[in-house]
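Open the model in your viewer and keep the selection tool ready. We will go from the whole chain to single helices, strands and residues.

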Amino acid sequence: MVYIIIPVVILVITFILMYLYAGPFFKGLPVLVYHKISSTKKPDFLTVATSRMREHLQYITKKGYNTIFISDMIDYIEKGTPLPPKPLMITLDDGFRDNYTDLYPLLKEFNCKANIFIVAGFVQTHDNLGPRAEGEFMLVEEAKEICKDHVQYGLHTMYHQSYHKMTLGEIDEDMRISKKRLDDLGIPYQPCFAYSFAAYMKDDPVKQKAVFGILKKYGVRYAFKVGDRLNKMPMKNMNRLLLNRLHMNGAYSMFKFRMALTGFIRIVQRFERIFK
Ligand SMILES: [Zn+2]
């Protein structure tokens, strides 16, 4: 029995210490990734309740985190412009309409910044409701309104296809037309991309290198995967086309949110698997 108790106690103490001292041990930039923020849909892997999102923003504000834009991160990396204390980047993928209806009022209330990786072909216009016409995605006017103050955009493909399943020729064309559609709509975006379905060609280094070449050809200097890790600051030695984000699962408790924010969610999940 003692052979089990001792390692468990050591593990628990290590875990508590790591949690308490997360900041000093890991100087990293947390980049959170959300999808839907909804007061009507049931929370799930991709949907965080609006009330829970409010708690997240309340928590990060209270703890002294400062939300930053993609451009702030770029200036920090490329020009050495200092970031505010406890920098934190909030990102959302796809450009769902609730980002306008539910998230934007919260961003104003808490004076926070967010970055949306928008699927160019899903932006709704009055004459062309796009491939998904259920009103699920933001209208162009809404997308433009929120980027006047609290939001910046990044690229996230034309129709949310996985680059794993596309040829290099198709990926090249996807990058070209997604940039063109945003340009035509007058939606500004940063030279930053998020791989849809987190497909960053992990198991195919040859294709990955070719995709990096396509991103660079179109002026994209930064790209995010998921990975549930912090970005080790000062981020000079990181691959700028494989930056990390922390997935925000709508089913997370506030405890798990705090664990994710500090880069410990992988440890928590490992513990969960052990004691399941
Ligand atoms: Zn996506």
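The radius of gyration is taken over C-alpha atoms, and the globule rule for it is 2.2 Å times the number of residues to the power 0.38. For 276 residues that rule gives a compact globule near 19 Å; the chain has 19 Å, which agrees.

This is a predicted model: local features need pLDDT of at least 70, side-chain atom pairs count only at pLDDT 80 or more, and totals for chains, interfaces and linings use all residues. Residues are numbered from 1 along each chain as its sequence is written.

**Whole chain**

Select everything. The C-alpha atoms fill a box of roughly 70 × 45 × 40 Å along the principal axes. Colour by secondary structure: there are ten helices and twelve strands. These are DSSP runs numbered from the N terminus, with helices (H or I) of at least four residues and strands (E) of at least two.

How much of the chain is buried? Buried residues make up 37% of the 276. A residue is buried if 20 or more other C-beta atoms lie within 10 Å of its own, exposed if 12 or fewer, and partly exposed in between; C-beta atoms are placed from the backbone.

**Helix H3**

Select residues 50-62. At 1.5 Å a residue, these 13 residues should span 18 Å; the end C-alpha atoms are 18 Å apart, which agrees. The expected span is 1.5 Å times one less than the number of residues.

Now pick Thr50, Met53, His56, Leu57 and Ile60, which are buried. Seen down the axis of H3, these buried residues fall within an arc of 110 degrees, so they line one face. The arc is that of the directions from the helix axis to the C-beta atoms. On the other side of H3, Ser51 and Lys62 are exposed.

Show what the buried residues of H3 pack against: strands S3 (36-38), S4 (47-49) and S6 (87-94), and helices H5 (98-110) and H9 (254-261). Contact here means C-beta atoms, placed from the backbone, within 7 Å. Just after H3, stop at Gly64, with its positive phi of about 85 degrees.

**Helix H4**

Move to residues 70-79. Ile70, Asp72, Met73 and Ile77 are buried in H4. They cover an arc of only 165 degrees around the axis, which puts them on the same side of H4. The face turned away carries the exposed Glu78 and Lys79. The cover over the buried residues of H4 includes S6, S7 (114-118), S8 (151-155) and S9 (192-194). Just after H4, Gly80 takes a positive phi of about 75 degrees.

Select S8. Which of its residues are buried on each side? Val151, Tyr153 and Leu155 are buried on one side, Gln152 and Gly154 on the other. Pairing requires at least two DSSP bridges. Ala114 stands opposite Val151 in S8.

**Cys192**

Find Cys192 in strand S9. With 26 C-beta neighbours inside 10 Å, Cys192 counts as buried. Among the residues Cys192 touches are Ile70, Gly154 and Leu155. Arg221 is 29 residues from Cys192 in sequence, yet 6.1 Å away, C-alpha to C-alpha.

**The core**

Finish with the largest nonpolar core, of 67 residues. Such a core is a set of buried Ala, Val, Leu, Ile, Met, Phe, Trp, Tyr and Cys residues joined through C-beta atoms within 7 Å. Ala114 and Leu246 are among those with the most contacts inside it. Select Leu246: its contacts include Pro30, Val31, Ala260 and Ile265.

Note on methods. Two residues are in contact if their C-beta atoms, placed from the backbone, lie within 7 Å. Lists of a residue's contacts leave out its neighbours within four places in sequence.
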